[in-house]
Protein chains: 2
Amino acid sequence: MTHNYRITLLPGDGIGPEIMAVAVDVLKVVGKKFDIQFEFQEALIGGAAIDATGEPLPGSSLDTCRNSDAVLLAAIGGYKWDSLASHLRPEAGLLGLRAGLGLFANLRPAKILPQLIDASSLKREVVEGVDILVVRELTGGIYFGKPKGIFETETGEKRGVNTMAYTESEIERIGRVAFEAAQKRGGKLCSVDKANVLEVSQLWRDRITKLAQEYPDVELSHMYVDNAAMQLLRAPKQFDTIVTGNLFGDILSDAAAMLTGSIGMLPSASLGASNPGVFEPVHGSAPDIAGQDKANPLAQVLSAAMMLRYGLNESTAADHIEQGVLEVLQRGDRTGDIISPDMNLLGCRAMGQALIQVLEAK
Amino acid sequence: MTHNYRITLLPGDGIGPEIMAVAVDVLKVVGKKFDIQFEFQEALIGGAAIDATGEPLPGSSLDTCRNSDAVLLAAIGGYKWDSLASHLRPEAGLLGLRAGLGLFANLRPAKILPQLIDASSLKREVVEGVDILVVRELTGGIYFGKPKGIFETETGEKRGVNTMAYTESEIERIGRVAFEAAQKRGGKLCSVDKANVLEVSQLWRDRITKLAQEYPDVELSHMYVDNAAMQLLRAPKQFDTIVTGNLFGDILSDAAAMLTGSIGMLPSASLGASNPGVFEPVHGSAPDIAGQDKANPLAQVLSAAMMLRYGLNESTAADHIEQGVLEVLQRGDRTGDIISPDMNLLGCRAMGQALIQVLEAK
Ligand SMILES: [Mg+2]
Ligand SMILES: [Mg+2]
């Protein structure tokens, strides 16, 4: 039986269109192999949308996204739009997309690829085999809590205020995403908080602990955020899936990503309750090398694999792509950002062709 | 001219008394060498105070501390007191001490000792030469901000709330400590915040930036906390002195400490505006090896060196102790926690004697 999916493509700015083209080619090849039919529809976001319509996320783009099974995003932004007011900047398009689709869960894998292990600043024996998924709450916590602002105190000085807050239902819905992700992975979930000091973390820990009863196949542990930052550095292999709030997740997902030493290889996913998820590389739009066929398309390709796994429940096809990426690296093919001595330097398109050759031969 | 200082010793619990005895011997030797006269007065804190008086910080102990030039603390806590109510536990003594002395600045050095570099989980070339001081605000921010608690929403569910707040004067006083520390060190200060999202961080950044005008000899930079967590892992040598708020400092000081791979070697300082500072090792009271002459006294000794440098302005004597510690490690002397093949295993007292021998010979 053929599976049919409508995919919205948001190539965005900079190297976005180049790497998106590779990911689309890869999806077509994999679709043929696994009897998956993709209907692709493209929409504008970021600087490209600003140039065409004056807005970083035109309403029609958001409608197109809503009217699809998953959204594959490349990258947005560039020097050209940096002087605009913040609500007109490319980044506002991304925030609007997250809000418009109600994307409350950010999934950030940090997996050491054996072929790139030397890129890590950590010792080989410490990072070999690291495969972490950080599930970060994305629409609550201190980045959104109120009151917030800069106020005047009674003594006439300024006081900056932000509020870290979570309700039980906010904790529960991100918890469910994390438990379900852990079920698909190693079956271990570590919830990170600061419950020894923060009341918001006590509620977080209580709610996650209660939720664990519904997921008896997942082994739950708890860790304080300062200790988690230490343990990621000391012994990252102890982690499988991590779930945490918006701020702690912002910090820890970046630290975990840096364990790999090659940010240019990392995909991410943002999921909501009912709307399609958005899948995108962690890296930016790299305007300095845009249009030069130098970009590394593999994080975009791995984002397409995440889309298959977490957005469309097509794990076999996702596995196939991820295996293909490992094999192409094993052949020694490298783009400039991950080149090392004795490897073959390829451009963006050639890397895509190499990968497709590998995927078709598998 | 002889310098006279009155030092309050708080040996506390577990291995505390053993490691404190070594630090006192070292201070006496160094005092003789540099014409510094120490008057030591001992007071109770933690479990030892609970056993003797029923309180983790008797008023008389706080008075003794106030009535001195600096406080040298070893470690507190142990299984024995873990079942007491939280305000009667040993840790409450430490919080009471910080509050009672108005200690708003926590100084956490993370320095790679060449002799222990292999203990790091990071590659030698990444951590060689790392020498970071994290200056953490200790009495404000989200650990103390109000409102805080768990409240009921209009829809009847629970909502956990904490408040991250800083006033200009709180930022200014921690800023001054950090700029002055940077002056004594490499002359570089990196202020860490999340000013792209948090208003409290915008005020932080503005105030620190203004303050920089008074310290033209210090090179100030700013970094977002998620990037700082990445950079500590990727290229820690870029940092000299870091200043940040309570929560971010809690996370980053632990991450920076873990770069060294040997928490058992790290000292810390907590400073106030006018009261004496408190100097203590980062490690705990290790009740499992207490009284067995197995403890590593070097973090306590290095805390005494920090006391000389930051509490008493006796940098030459501090340098002397720090050099001595390096030399004793260079000889191959190690306690059990930092032992490696072909090194000499020493107990706590023997390590103290070895260090004193080195210091007297210098
Ligand atoms: Mg981040
Ligand atoms: Mg901590």
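Me: What area is buried between domain 1 of chain A and domain 2 of chain A?

Reply: The model is a predicted one, and in it chain A is divided into domain 1, covering 1-104 + 265-362, and domain 2, covering 121-260. The centres of these two domains, taken over C-alpha atoms, are separated by 26 Å, and nine residues of domain 1 of chain A are in contact with 13 residues of domain 2 of chain A. Carbon and sulfur atoms give 70% of the area buried between the two domains, which comes to about 900 Å².

Me: How many residue pairs are in polar contact across the interface of domain 1 of chain A and domain 2 of chain A?

Reply: The count of salt bridges between these two domains is zero. The side of domain 1 of chain A that touches domain 2 of chain A draws at least two residues from each of strand 4 (103-111), strand 11 (267-272) and helix 10 (298-311) of chain A, and the residues of that side divide into five nonpolar, two polar and two charged. For polar contacts across the interface, with both residues at pLDDT 80 or more, the number of residue pairs is two.

Me: What relation holds between chain B and chain A?

Reply: Chain B can be laid on chain A with an RMSD of 0.0 Å by a turn of 180°, with a shift of 0.0 Å along the axis. Among the residues of chain B, B:Leu122 comes closest to that rotation axis, its C-alpha lying at 2.0 Å. A turn of 180° with a shift of 0.0 Å is therefore the relation of a two-fold axis.

Me: What area is buried between chain B and chain A?

Reply: The contact takes 48 residues from chain B and 49 residues from chain A. Of the interface residues of chain B, 100% are also interface residues in chain A, so the copies meet through the same surface. Carbon and sulfur atoms give 65% of the area buried between the two chains, which is about 4500 Å².

Me: Which element of chain B gives the largest share of the side that touches chain A?

Reply: Across this interface there are 24 residue pairs in polar contact, both residues being at pLDDT 80 or more. Several elements of chain B give two or more residues to the side that touches chain A, including strand 6 (145-152), helix 6 (168-184) and helix 9 (246-260). The residues of that side divide into 24 nonpolar, 10 polar and 14 charged, and the largest share, 10 residues, comes from strand 7 of chain B.

Me: Which residue of chain B forms a salt bridge with A:Lys194?

Reply: Across the interface of chain B and chain A there are two salt bridges. In one of them the closest N and O atoms are 2.8 Å apart, and the partner of A:Lys194 is B:Asp250.

Me: How many residues apart in sequence are the parts that the pair A:Glu39 and A:Arg6 ties together?

Reply: Over all chains the count comes to 42 salt bridges, and one of them joins A:Glu39 to A:Arg6, with the closest N and O atoms 3.4 Å apart. A:Glu39 lies in strand 2 (residues 36-42) of chain A and A:Arg6 in strand 1 (residues 3-12) of chain A, so the separation in sequence of the parts tied together is 33 residues.

Definitions and conventions. Residues numbered from 1 in each chain as written. Chains lettered and ligands numbered in written order. Predicted model: local features only at pLDDT ≥ 70, side-chain atom pairs only at ≥ 80, totals over all residues. Heavy atoms only, no water. Domains from an automatic or database assignment. Contact = heavy atoms within 4.5 Å. Buried area = accessible area lost by both parts, 1.4 Å probe. Salt bridge = Lys/Arg side-chain N within 4 Å of Asp/Glu carboxyl O. Polar contact = N/O pair within 3.5 Å; in protein donor to acceptor, adjacent residues only side chain to side chain. Helix = DSSP H or I, 4+ residues; strand = E, 2+ residues; numbered from the N terminus. Nonpolar A, V, L, I, M, F, W, Y, C, P; charged D, E, K, R; others polar. Least-squares fit on C-alpha atoms with pLDDT ≥ 70 in both.
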